[in-house]
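Here's a quick tour of a protein model for you to follow along with. Keep the picture open while you read.

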2 protein chains.
Amino acid sequence: MDEPPRFELFAFWRTSATYRVRVALNLKGIVATERFVDLDAGDQRSDAFLAINPLGAIPAVLDRGAGQSRAPLTQSLAILEFFDEMYPEPALLPTDPHGRARVRSIAAMLASDTHPLITPRVKKYLTGPGGFDDAAWRAWQVHWFTTGLQAVEHRLASEAETGGFCHGDTVSIADICLASILVVMRVFKVDVTAIPTIERIMRACEAQEAFAKANPLIQPGAPR
Amino acid sequence: MDEPPRFELFAFWRTSATYRVRVALNLKGIVATERFVDLDAGDQRSDAFLAINPLGAIPAVLDRGAGQSRAPLTQSLAILEFFDEMYPEPALLPTDPHGRARVRSIAAMLASDTHPLITPRVKKYLTGPGGFDDAAWRAWQVHWFTTGLQAVEHRLASEAETGGFCHGDTVSIADICLASILVVMRVFKVDVTAIPTIERIMRACEAQEAFAKANPLIQPGAPR
């Protein structure tokens, strides 16, 4: 009998952070067993899932090769760096410290400065205790997507290191984070104008099978 | 004549992300020229600063040793990883990939899941277009500090890798991020209960000169 895959990915079709991990796995050719956690049904708060990740957060990666007692890997950027260290080819970061810092900085502008503001838990607060109606929530979403992407556009359009992708002509963690924001913007039907460099890089990403296969709309659980 | 320091740090006394960089510089014994950017006065939007960092974001680090044309380093975690790669001693990350992933994950829970929600730009939106009064803003602050720190407390209290610091008995990026949240909570006079492990680790951090010297309240520009 074949061994089961070493890694299990706890995932939901729509989330930006799950998408990042899927793209990285695809790029590196790592097969993981995917476990569906239905965020719309509250599965992340079920006893079954809390026994796996007491934080109730996805994506989470279980490494079955490293012993059963280990806590799952969490936080998408930490997971991407982990896979990049464990499976160096193809590299998701440049080799020089300045280049690595630039890629990580662009990734953080997207994954730390932008994405946390439009997550379901923030929506729940703002449309609950925060008193936001649908229009106010939508204005908030548009504001932060626009602020984040236009700042990244400014960098990509002005910095010499930008190439066919965010940093030179190879895919990095920055491209994965960039694409992860654009795919959820589509799900939310939010549009940001005046980001031509980003749109060009997004087309280059989506021409790659690793990105195309991670498209949220073709994952298990996605609406038909 | 002495050479000026290689690095310039654009900083403000109160910000959590600037504090992280100061602690890392102190731990590694790197001397940087500090440039004061008065966020309360809007210096980050001045022509002089935008010429240095068009994004108007601090902390930003200029590396004078790497040529004048290079863009500044930005995003605190990217800056910490950069200094850790350039000056490996003392290491701010463990050597094993699982340990590194755990440290980066805890750091992200603080720097990505918690801190971005209570930044000045979010306050500006919520107390402007968002319609929050002072009490609503304070409730928001308390909610996210509490959510973030209690999730980290749960991990630190339950995971075997926790030691005198977040990961074993040496300071890591996780401790720097943890302390960076606690110091700004004090500035904002926000209190979170039931975090004994965090409080123990914070005491261990503040017993170290590198953390004590980075205290926001003793930096240039801080109120007397």
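Inside chain A, twelve residues of domain 1 are in contact with 16 residues of domain 2, where contact means that the C-beta atoms of two residues, placed from the backbone, lie within 7 Å. Keep in mind that this is a predicted model, where local features need pLDDT of at least 70, side-chain atom pairs count only at pLDDT 80 or more, and totals for chains, interfaces and linings use all residues. For finding your way around, residues are numbered from 1 along each chain as its sequence is written, while chains are lettered from A and ligands numbered from 1 in the order in which they are written.

**The two domains of chain A**

- Chain A splits into domain 1 (8–90) and domain 2 (97–212), with bounds that come from an automatic or database domain assignment.
- Taken over C-alpha atoms, the centres of domain 1 and domain 2 of chain A are 21 Å apart.
- On the side of domain 1 of chain A that touches domain 2 of chain A, helix H1 (16–28) and H3 of chain A each supply at least two residues; helices (H or I, at least four residues) and strands (E, at least two) are DSSP runs, numbered from the N terminus.
- H1(A) gives the most to that side of domain 1 of chain A, with seven residues.
- That side of domain 1 of chain A has seven nonpolar, three polar and two charged residues. Here Ala, Val, Leu, Ile, Met, Phe, Trp, Tyr, Cys and Pro count as nonpolar, Asp, Glu, Lys and Arg as charged, and the others, Gly among them, as polar.

**Where the chains meet**

- Chain B puts 37 residues in contact with 37 residues of chain A.
- Strand S4 (73–74), helix H3 (76–86), helix H4 (97–111) and helix H6 (134–158) of chain B are the elements giving two or more residues to the side of chain B that touches chain A.
- H4(B) provides the largest share of that side of chain B, nine residues.
- Sorted by class, the side of chain B that touches chain A has 21 nonpolar, eight polar and eight charged residues.

**The sheet in chain A**

- Four strands of chain A form an open sheet in the order S2-S1-S3-S4, with mixed pairing; two strands pair if DSSP finds at least two bridges between them.
- Strand S2 (32–36) and strand S4 (73–74) of chain A are at the edges with a single partner strand each, so one side of each has no neighbour in the sheet.
- Strand S1 (residues 7–11) of chain A runs parallel to S2(A), and five bridges join them.
- A:Phe10 has A:Arg35 in S2(A) as its bridge partner.

- B:Val103 sits in helix H4 of chain B. Why is B:Val103 called buried? Because 24 other C-beta atoms lie within 10 Å of B:Val103, and a residue is buried if 20 or more do so, exposed if 12 or fewer, and partly exposed in between, with C-beta atoms placed from the backbone.
- B:Val103 and B:Leu93 are ten residues apart in sequence but 7.0 Å apart in space, C-alpha to C-alpha.
- A:Ala194 has a positive phi, near 60 degrees, in a residue other than glycine, and counts as exposed because it has 10 C-beta neighbours inside 10 Å.
- A cis peptide bond joins A:Glu89 and A:Pro90, with omega about -15 degrees.
- A:Pro90 lies in the loop between helix H3 (76–86) and helix H4 (97–111) of chain A.
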